[in-house]
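Please read these notes beside the sequence and the model. They go through a few local features that can be checked by eye.

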Amino acid sequence: MTQLSKMERVTKRILNEKIKRDLEKGGISSITVSPPGEGKTNQLIHDAQTIFKYQPEEIIFWRDNPKSAAQYNKKGVNWEIFIENGCKVNFRNLSYGGQLNIPYVFFKDFNQIIDKDTGKGFAKPGQLNVVYFKNEYTWIDFVEHLRHTIGWQSVFIDELEDLIPLNPPKREGETRNIRYEKNLFFAENFKEFRKGWINFFSNTQDLADIESRVRRKLNYIIYLRGARVEERSRIWQEFVNNLRLGWGAIEYEHGQFGTIKFDYYPNKTPYFEVNIS
């Protein structure tokens, strides 16, 4: 039997903890950091595929950036799109031009997606349940709904800095800074999401771009090649700079750390963009 190195043993322990579901401990939170093109969305997809394998009854919700290429549209990944009633939607073909007919389902309220009392609804295990709202702030309200919903759920946020940016300015025409208020609400309830059996997976190009009160509460940080390492981290910047594509350095609460390897998921064709208004 091959003997594992100390780094391999630590990595195995971290990854086992990451996938384990403990009712008393509650949900976990993880963020992947890298510059563009280094695979941070692929790493998120890899985490989702791991949940499909080891926690097949768990429901996964995916937040994608509207008006940008659909990052979840990968080979080997099942997904379904849910769009808030009253939205106008079109799917632009980025591979060949023109528009596409992509199937989707309209929903009228959160309980239609997943009922908080039964844990049932449009959303299903074994797929990415991709949810689009007309107003991006609504995602924060949706996560609060999940906190009061029976059963385990995982929330995947692609580009977290778009949802809870650091020090968001008040938008033109607003009498108060709604984005800041939503940030504050999200930060204050972040630990409560864990107690509500929600696992939180996200990514960002730079940790400095996201709400600092959330950043400090994250359990796991995964650095991919070229990511800027936090000053309090035990992982060396030089080590991260020299990582190969498809590898990452994972750290648990600024203590234990190891290395991980994740799979590459090619884009499906046609490649498309979702526009919601």
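1. Basis. This is a predicted model, in which local features need pLDDT of at least 70 and side-chain atom pairs count only at pLDDT 80 or more, while totals for chains, interfaces and linings use all residues. Residues are numbered from 1 along each chain as its sequence is written, and side-chain values use heavy atoms, with hydrogens and water left out.

2. The sheet. Four strands make up an open, antiparallel sheet in the order β3-β14-β5-β6 (strands are DSSP runs of E with at least two residues, helices are runs of H or I with at least four, both numbered from the N terminus; two strands pair if DSSP finds at least two bridges between them). The edges are taken by β3 (68–69) and β6 (99–100), each of which has a single partner strand, so one side of each is left without a neighbour in the sheet.

3. Strand β14. With β3, strand β14 (residues 272–276) pairs over two bridges in the antiparallel sense, and here Ser68 has Val274 as its bridge partner. With strand β5 (residues 89–93), β14 pairs over five bridges, again antiparallel, and Asn93 is the bridge partner of Phe272. In a regular strand the side chains alternate between the two faces of the sheet. In β14 both faces are covered, with Phe272, Val274 and Ile276 on one side and Glu273 and Asn275 on the other, all of them buried (buried means under 20% relative accessible area, exposed over 50%, and partly exposed in between, with a 1.4 Å probe and protein chains only).

4. Helix α2. Helix α2 (residues 40–54) has 15 residues and reaches 21 Å from its first C-alpha to its last, close to the 21 Å expected at 1.5 Å a residue (the expected span is 1.5 Å times one less than the number of residues). Eleven of the 15 residues of α2 are buried, including Leu44, Ile45, Ile51 and Phe52, and also Lys40 and Asp47.

5. Helix α6. Where is the kink in α6 centred? It is centred on Asn189 and amounts to about 50°, the bend at a residue being the angle between axes fitted to the seven residues ending there and the seven starting there. Asn189 is itself buried, as are other α6 residues, among them Phe186, Phe190 and Phe193.

6. The cavity. The structure holds one cavity of 30 Å³ or more, and the largest cavity has a volume of about 40 Å³ (a cavity is a set of points on a 1 Å grid over the protein atoms alone where a 1.4 Å probe fits but cannot get out, and lining residues have an atom within 4 Å of a point). Its lining consists of Glu17, Lys20, Arg21, Asp22, Lys25, Gly26 and Ile28, which divide into one nonpolar, one polar and five charged residues.

7. Backbone details. Most residues other than glycine have a negative phi, and most peptide bonds are trans. Thr269 and Pro270 are joined by a cis peptide bond with omega about 0°, and Pro270 is placed in the loop between β13 (256–261) and β14. Glu159, in the loop between β9 (153–157) and α5 (160–163), has a positive phi near 65° and counts as buried at 15% relative accessibility. Trp197, in the loop between α6 and β10 (198–204), also has a positive phi, of about 65°, but is partly exposed, with a relative accessible area of 28%.

Notes. On a 1 Å grid over the protein atoms alone, a cavity is a set of points where a 1.4 Å probe fits but cannot get out, and a pocket is an open set with protein on both sides within 12 Å along at least five of seven lines; lining residues have an atom within 4 Å of a point. Grid points are joined across faces, edges and corners, and a volume is the space filled by probe spheres set on the points. Ala, Val, Leu, Ile, Met, Phe, Trp, Tyr, Cys and Pro count as nonpolar, Asp, Glu, Lys and Arg as charged, and the others, Gly among them, as polar.
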